[in-house]
Amino acid sequence: MSLSLNLTDVTPLQFAVTPNPAPKADAEREEILANPGFGQYFTDHMVQIHWSERGDWHRAAVEPYGKISLDPAAAVLHYGQEIFEGLKAFRHADGSIWTFRPDQNGLRLQRSARRLALPELPVPLFLESLKQLVRADAAWVPGGGETSLYLRPFMFASESFLGVRAAKKVYYFVIASPAGAYFKGGVKPVSIWLSTEYQRAAHGGTGAAKTGGNYAASLLPQQEAYAQGCDQVLFLQDGNLEELGGMNVVLVKKDGTLVTPASDSILEGVTRDSLLQIAADRGHAIERRPVSLEEWRDGAASGEIVEAFACGTAAVVSPIGVLKAKDFSIEMPETTADSLVLSLRGELTDIQYGRIEDTRGWMYRLDAGAEGGAA
């Protein structure tokens, strides 16, 4: 699906811009960009937009990055009514700044809002909020290698009251953090711990929404995974594969078919969908359906399943080397230069960084004016 939305779909708000009076000095910023890690440093500005039941979306602003003042009775602190998104800005070789399929993140934010009884931010306004922040902090977008500026839009109930109902006042923010290459020295297979005692989400619950409670529910089993020497934790739902603590799962069959779990408790990943589209365009069959643990275990043993990988915004793609459980493990074949997972990852990142032509209209320019858009 190409990015077809544009800012004429709705009248965008006028953003009041207040420059940060004390931005990071150039030397300090460049030192950070040389080794930013992930989620450790933040840019000089942030976007804020208010919503109220009576006033709809209003008070759009770009302002200095800083603390948020909340009443102790703010609904988000007591009832967890909040959602967020994650996407990246990429600097291309000519210096221009782009992001990848942001319309899909905007639509997913709307779906999350619907499930959490929050107002749905119009996608054109979502896109404009990203552009406003990147224009203010363009110097924070690193270049070279697989570096990027991670963008974190989020929304939460700001109304002050105690009572179980949807809030009538909401804040929407966008903050940004420079990110270094996720894998230094090449892509590395990850080890996964199978959680059998805990579940990430339930049918009819909030699993398909990008809300903090789902991630909070994964933290204790993730600690268990670390204790077992594993990088990530895999959750099950009725004996079927669900997803990792923060990534989707894909299996690859010997005949080239890609299989990924389907359930109403799984977050629909933009990265996963894009990788599957690339594979489908190459002629690979794609199966979205319930996938049992036994299918993976038996398929790996018989040689029917030859690759497994996790995918998400931060790492893009991580080959799975082993799945560990209390009484068994699934060892996957060694990842080689010919592995499908690396080929798919290479094509996707080449599109994102402008190294190859974007024939699907997935890239969206952020440093252009209001007429900016798909490549």
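**Close-up 1. Aromatic pairs, with the stacked rings of Phe42 and Tyr65.** A search of the whole structure, which is a predicted model, finds eleven aromatic pairs. In one of these, the ring centres of Phe42 and Tyr65 lie 5.4 Å apart with their planes at 10°, so the pair is stacked. Distant parts of the chain are linked in this way, since Phe42 belongs to the loop between helix H1 (26-34) and strand E2 (45-52), whereas Tyr65 belongs to the loop between E3 and H2, 23 residues apart. Phe42 counts as partly exposed because its relative accessibility is 28%, and Tyr65, with a relative accessible area of 34%, is also partly exposed.

**Close-up 2. The stacked pair of Phe154 and Phe173.** The rings of Phe154 and Phe173 have planes at 15° and centres 5.5 Å apart, so this pair, too, is stacked. Because Phe154 lies in strand E7 (residues 148-157) and Phe173 in strand E8 (residues 169-179), the pair ties together parts that are 19 residues apart in sequence.

**Close-up 3. Arginine side chains over aromatic rings.** Arg297 lies over the face of Phe328, at 3.9 Å from the ring centre. In the case of Arg360, the charged end sits over the ring of Trp362, 4.9 Å from its centre.

**Close-up 4. A nonpolar surface patch.** On the surface, Ile68, Leu70 and Leu77 form a nonpolar patch that together has about 240 Å² of accessible area. Leu70 is found in the loop between strand E3 (56-64) and helix H2 (75-79), and Leu70 counts as partly exposed because its relative accessibility is 32%.

Methods
Residues are numbered from 1 along each chain as its sequence is written. This is a predicted model: local features need pLDDT of at least 70, side-chain atom pairs count only at pLDDT 80 or more; totals for chains, interfaces and linings use all residues. Side-chain values use heavy atoms; hydrogens and water are left out. Patches are made of residues with over 30% relative accessible area and no salt bridge: like charges are joined within 9 Å, nonpolar side chains (Val, Leu, Ile, Met, Phe, Trp, Tyr) within 5 Å. Accessible areas come from the Shrake-Rupley method with a 1.4 Å probe; for residues, only the protein chains shown count as cover. A salt bridge is a side-chain nitrogen of Lys or Arg within 4 Å of a carboxyl oxygen of Asp or Glu. Helices (H or I, at least four residues) and strands (E, at least two) are DSSP runs, numbered from the N terminus. Buried means under 20% relative accessible area, exposed over 50%, partly exposed in between (1.4 Å probe, protein chains only). Rings of Phe, Tyr and Trp (its six-membered ring) pair if their centres lie within 6.5 Å; planes under 30 degrees apart count as stacked, over 60 as edge-to-face and the rest as tilted. A charge sits over a ring if NZ of Lys or CZ of Arg is within 6 Å of the ring centre and within 35 degrees of the ring normal.
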